[in-house]
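Hi there,

Here is the structure I promised to pass on to you. Have a look at it first, and then read my notes below.

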Amino acid sequence: MSPSQGAPVPMPALPEPSPSLPLLAGRRILVSGVLTPKSIAYAIAEACLRGGAEVALTSFGRAMSLTERSARRLGLAGPVLEMDASRPDQMAAVAASLRERWGGLDGAVHAIGFAPDDALGGNFLTAPWESVAMAMQISAFSLKTMAVELAPLMSRGGSVVTLTFDATVAWPLYDWMGPTKAALEAIVRYLARDLGPRRIRVNSIAAGPLETVAARAIPSLTGLKSAWRQVAPLGWDTGDAGPVADAALFLLSDLARAVTGEMLHVDGGYHSQGARVPGDVSELPAGFLSAEDAPA
Ligand SMILES: NC(=O)c1ccc[n+]([C@@H]2O[C@H](COP(=O)([O-])OP(=O)(O)OC[C@H]3O[C@@H](n4cnc5c(N)ncnc54)[C@H](O)[C@@H]3O)[C@@H](O)[C@H]2O)c1
């Protein structure tokens, strides 16, 4: 077969990690943002449980019953705690309830994001301040409030992990969620500065696009999916939050004991690439990588 006739190279699936070590044995982790089993936070809670941790969930308002259903599916016994990200009083109540239940805390996951419709989807130039302020408060400032309320429980140190969509660049139709995520990423660095001396680490994961309820509010998801398909060197499955959850497990564990203020990309490598054009080396099976050479 001539090189130019090489069969298309199948993208090999990412290898499944070996059975998790009990990286979080004896650890107590609070996970916010579990709505459905598609939620990134659901996959993180699952990974924490696999890692040997005790896990408590938070939810808010009308989402509570969906979260309770997810909690049952995860096999969690304790109650889902009510924590609206715009209610500092509820965050304080969550801290008090965890102190009573566990006596302390080792890790917290902030997986909360929201922006009103008029701040998304092509409304960047017209969004009113009230909508922007709401997005900022719920999606970014709440990380500060949550960390400050929970820090006193982390007397032996701890780890806080949040989720971002790399805000170092602008995205189509993401609009005010972009500056909101940029604020979140900066808040991670300032919290890392102020909580580091208490051995509390604060990091974000910049995830690639995943099909969740929150993502449905972002009208560009389909376009982003195809961009990822073309560019991410490792490929990217928008239906699998597992790689993000495993990275969270790492950040919550002592393996990441010297990592703070970091934004860890878990996006199939998308962020590391420039444009991909026809004729790109990765599209040249001929002579470089034929179907025969491709890994099984
Ligand atoms: N899905 C993606 O493509 C993607 C990519 C990168 C980062 N993220 C981020 O991951 C995080 C989790 O989102 P997801 O994609 O798993 O979607 P999701 O819809 O499953 O989770 C979003 C969560 O935010 C919660 N929430 C919204 N407003 C709240 C409030 N006022 N108080 C408390 N909780 C509130 C919802 O109840 C829900 O549990 C978000 O910060 C999101 O921006 C998502």
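Let's begin with a term: two residues are in contact if their C-beta atoms, placed from the backbone, lie within 7 Å. Please keep in mind that this is a predicted model, where local features need pLDDT of at least 70 and side-chain atom pairs count only at pLDDT 80 or more, while totals for chains, interfaces and linings use all residues. Residues are numbered from 1 along each chain as its sequence is written.

The chain has nine helices and seven strands; these are DSSP runs numbered from the N terminus, with helices being H or I of at least four residues and strands being E of at least two.

Now to a pair of helices. A135, M136, S139, A140, L143, K144 and A147 in α4 are in contact with M177, T180, A183, L184, I187, L191 and L195 in α5. Helix α4 covers residues 129-150 and helix α5 residues 177-195; they pack at about 10°, with axes 8 Å apart (axes are lines fitted to C-alpha atoms, for helices over the stretch in contact, and angles run from 0 to 180 degrees between N-to-C directions). α4 and α5 are therefore roughly parallel, a label for angles under 35 degrees.

Next, the ligand. Around it are 27 residues, of which S39, G113, L163, T212 and A214 come nearest; a residue counts as near if its C-beta atom, placed from the backbone, lies within 6 Å. Two or more residues of this shell come from each of α1 (40-50), β5 (158-164) and α6 (213-216). The largest share, three residues, belongs to α6.

Enjoy exploring!

Conventions:
Parallel < 35°, antiparallel > 145°, perpendicular 65-115°, else oblique.
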